[in-house]
Each structure stands twice: as C-alpha cells, then as structure tokens.
Amino acid sequence: MKRDIIIIGAGIMGLTTAYELLKAGRKVTIIDESDITDSTSFGNAGLLSAFDKGPLANPGIVFNTLKLMLKGESPVNIHPTLDIKIYKWLWKFVNSANKDRLKRTLALFEKYGHISNDLYEKMQNVDGLDFDFHRKGMLSVFTEQSSYDKKLLDYAIKNDDIFEVIEKNKIKDFIPCVTDDVKGVIHFKRNTHFDPKRVMLELKRYLKENGAEFILNERIMNIEYGNKEIKSISSALNTYEADTYIMSTGYQTLLADKLKQNLMMTPAKGYSLTFTMPKELQPITSTLFADLFIVMTPRRDDIRITSKLEIGSIDHRVVKEQIESIKENFKKYTIPFEMENIIEWTGFRPLTPNDMPLIGRDEKYKNLIYGMGLGWLGMTFGPALATILKDLIINDLENKNSDDILLFSGFYQGKY
C-alpha cells in the first residue's frame, strides 16, 4: 500500500508537521523507533526562548565558556574524539559566532517565535490540547556583574512592553529561592513556557484521534532511491512506500548519510532534572540563569531544570558527575531546599553550527523533505517550521519559491 505522506521521526518537528498536514486534509503516517514517551523533545526545559535570549552561536561564547571552566561552572564539555566531523562543526560554530550573524539570527528568532507562540496558543484554546502553556515571560538571572551590566546597556531604552528591570529588593517576589549573591534580574515579557511532556502526549493523542497512522517501535534503517526520487524506506521488518517523505530524525543522520547528504549537524548531549519543591520558593515563571546556562521552569505539578552541553559524547547513560555538577552550580545561587521525587534525564539535541534548522526539499530527491537540526530550539520553533513544510508540500513548491526556506533554513544561509 502506497501512502500519501510518511514522516520519519516523532519528535516535536514530526508531530507538529503531522498536525499541520492533517489540518490541510492530507493523510499522514508517522514512523518512530520509540513509543513516543521519552524522546529528546520530552526533556526540554519548556521555555520558548525566541525573544531577548541570545542564540548558542553568539559573540563571546568561547571566552565566556573558558572563564566558566576556570570557575568550575562551565555548562559545556567537549570530549576528545577521532571524529573529524566534530572538529569541522566546532570550527564552523566558532566562525558563526559573530555580530553580523547574531543580528540576523535574533531577527529571525523573533519572527518565527511569534508564529509558534500563536500556534501553540491556538492548539490549546481552539483544539483543546492541554499544554500548560503560559504567557508570563522569562526571568533572566545574572550571577556575573559584567554580564548584567552589558545586558543593562543593551536594554537602556525603557520599554515596558518588552522588559522590566527588577529592583534588588523585589527580586525575591519573582524568584523566592535565589540568594542575595545574584547581581540582577530582568523580566523579559514576550517569552512563554509550557510542559513539554504534556505537549508531546497531547499532540500524539490529537493526531491519533484525527486519523494519523502511527507505526511505533520500528526503526527505519534503509532508504531506496532512483530516478531523482525516494522509492521506499525500510526497517528490519517492513518496507514502506509514499508519495512524500519527511525526514525528522533528530540528531540521527543514518538515512541522510545513505543519500550521501552530509548534514552539518552534531549531537549535543543535554540533561534535565525534574523534581518537586516547596511552592512558596518557586519562581513565578520560567527562569534563565544566564551565566550558568541553566533554565528553571515551574510546571503544574513540578519543576524542571535543564543544563549541560556535551559535544563529542555518544554515551546514552545519565552521567552522575554531570547531574551533580548541575546541582552544585544551581545551589550556589539558591537558598537550601529539598529536591524531592527527582527524575534524571539525558538526551541528544541535533545542533547546527549557526542555530539555523535544516529544513526544505532535498536538492536531488524532490519527494524528500528535511525537518531537522533544531537543536535546543525544537519546542520554540516546531509549529512555525511545520507550517513552512506544510506550504512546501501543499503548494508543491521548490525551495527557491519559499521565502521562509530561503530565510530560515541552514541549507540557504551561505557561509558559516
């Protein structure tokens, strides 16, 4: 049986694309190697950070990381490896961290961030999907005086719609758990947050109830092609044919490798801790400890903190030393409290060297579309990118006919 559209991968990109295509009247099959209960999208902090938060590739990232390493607070670990692709990625990443690219990236983040926020809100309010979605902004906590002073200069012109500098004596009204050692806090008002687990499970439920076909616990390992199109994809058990294929396999590039498509992307291992704590100590909204690369998000029933970025690791286990490092850095700036019912998690984010996702049609195989490389911003931009892929398919567009692809795809961003 030949299917209409097959999406390979059921992360946030795969599920939101399926949502958009179903809404447009297309038939969708989603194939994933898991049962959609614990993918990378599940471990996200839940902060939708499209506004007033710098991308990973930003000027000063190398110096700041080295400085934190000397203090024992660095969120980044680069593991020695013989994989030359990692070093190529690192070289391009360093060269991407410049002022010109930063200005363009921030503008794109805002453009597509607004689209995603509106779509999440519509899914919750119109379709009844319970995302625990809130428009309460983001609290940015600074533990270094120099970075706080620099941020104040960047936001020297008062704008009550965008931000508020929190007076020192009012910080604990917003974040009761922090100590007096923090240098300052700014409330950025446009960011939103939700519960990633609820988002994933609610999307899965909605898609199943509205006709999407799910083939789970089956890993696609081969891809057949010829005459400038994808003919079929195969697991160890079955072969599947479709008119259109969407590759949304996160950090895994096996299928792209078989097509000799060298995606400039690397897996970056991150961690999260989910726990309960006294309600009276919880922040009022998602909180970024900007100098520590730690995000703390209050949810309906618990709290989640995320941190760490390991490049060059292929270890799928939770490394206790990393968990303890996150706790230690976090506790330096929070008053003592008991973390209860702790759930430790680790997963791999698909990072491109310039924070641009890899979206669009394959240049050779026109019935293959990529939706990958969202890194730590998958939840932030998933719905917006899904609408771009939907338009590409529904209107049978080439990449050159989509302004959004040309603007926001890593395939069309020129030199890193």
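How much accessible surface does the protein have, and what share of it belongs to carbon and sulfur atoms? The surface comes to about 18,300 Å², and carbon and sulfur atoms hold 52% of it. Before I go on, please keep in mind that this is a predicted model.

Let me start with the overall build. The protein contains 11 helices and 19 strands. Its radius of gyration is 21 Å, which agrees with the value near 22 Å that a compact globule of 416 residues would have. Along the principal axes, the C-alpha atoms fill a box of roughly 65 × 45 × 45 Å. As for the interior, 58% of the 416 residues count as buried.

Next, the contacts. If we take those with a separation of 6 or more, 76% of them are between residues 24 or more positions apart.

On charge, there are 56 positive and 56 negative side chains. The centres of these two sets lie 4 Å apart.

Now the aromatic residues. The structure holds 18 aromatic pairs. One of these is formed by Y155 and F163, with 5.1 Å from centre to centre and 70° between the planes. That pair is edge-to-face, because the angle between the planes is over 60 degrees. Are the two partners buried or exposed? Y155 has a relative accessible area of 18%, so Y155 is buried. F163, with 8%, is buried as well. Elsewhere, ring pairs join F109, Y112, F381 and F408 into a cluster.

Which residues does L254 contact, once neighbours within four places in sequence are left aside? They are R219, I220 and M221. K122 is 132 residues from L254 along the chain, and the C-alpha atoms of the two are separated by 35 Å.

E241 counts as partly exposed, because its relative accessibility is 39%. Not counting residues up to four places away in sequence, E241 touches M1, K2, R3 and I6, and also K231 and S232.

Last, some backbone angles. Most residues other than glycine have a negative phi.

K228 lies in the loop between β10, residues 222-226, and β11, residues 229-234. Relative accessibility at K228 is 62%, so this residue counts as exposed.

K308 has its place in strand β16, residues 303-311. Is K308 buried or exposed? K308 counts as buried, because its relative accessibility is 3%.

To put those two side by side: K228 is an exposed residue in a loop, whereas K308 is a buried residue in a strand.

Methods:
Residues are numbered from 1 along each chain as its sequence is written. This is a predicted model: local features need pLDDT of at least 70, side-chain atom pairs count only at pLDDT 80 or more; totals for chains, interfaces and linings use all residues. Side-chain values use heavy atoms; hydrogens and water are left out. Helices (H or I, at least four residues) and strands (E, at least two) are DSSP runs, numbered from the N terminus. The radius of gyration is taken over C-alpha atoms; the globule rule is 2.2 Å times the number of residues to the power 0.38. Buried means under 20% relative accessible area, exposed over 50%, partly exposed in between (1.4 Å probe, protein chains only). Contact means heavy atoms within 4.5 Å. Accessible areas come from the Shrake-Rupley method with a 1.4 Å probe; for residues, only the protein chains shown count as cover. Lys and Arg count as positive and Asp and Glu as negative; His and the chain ends are not counted. The place of a charge is taken as NZ of Lys, CZ of Arg, CG of Asp or CD of Glu. Rings of Phe, Tyr and Trp (its six-membered ring) pair if their centres lie within 6.5 Å; planes under 30 degrees apart count as stacked, over 60 as edge-to-face and the rest as tilted.
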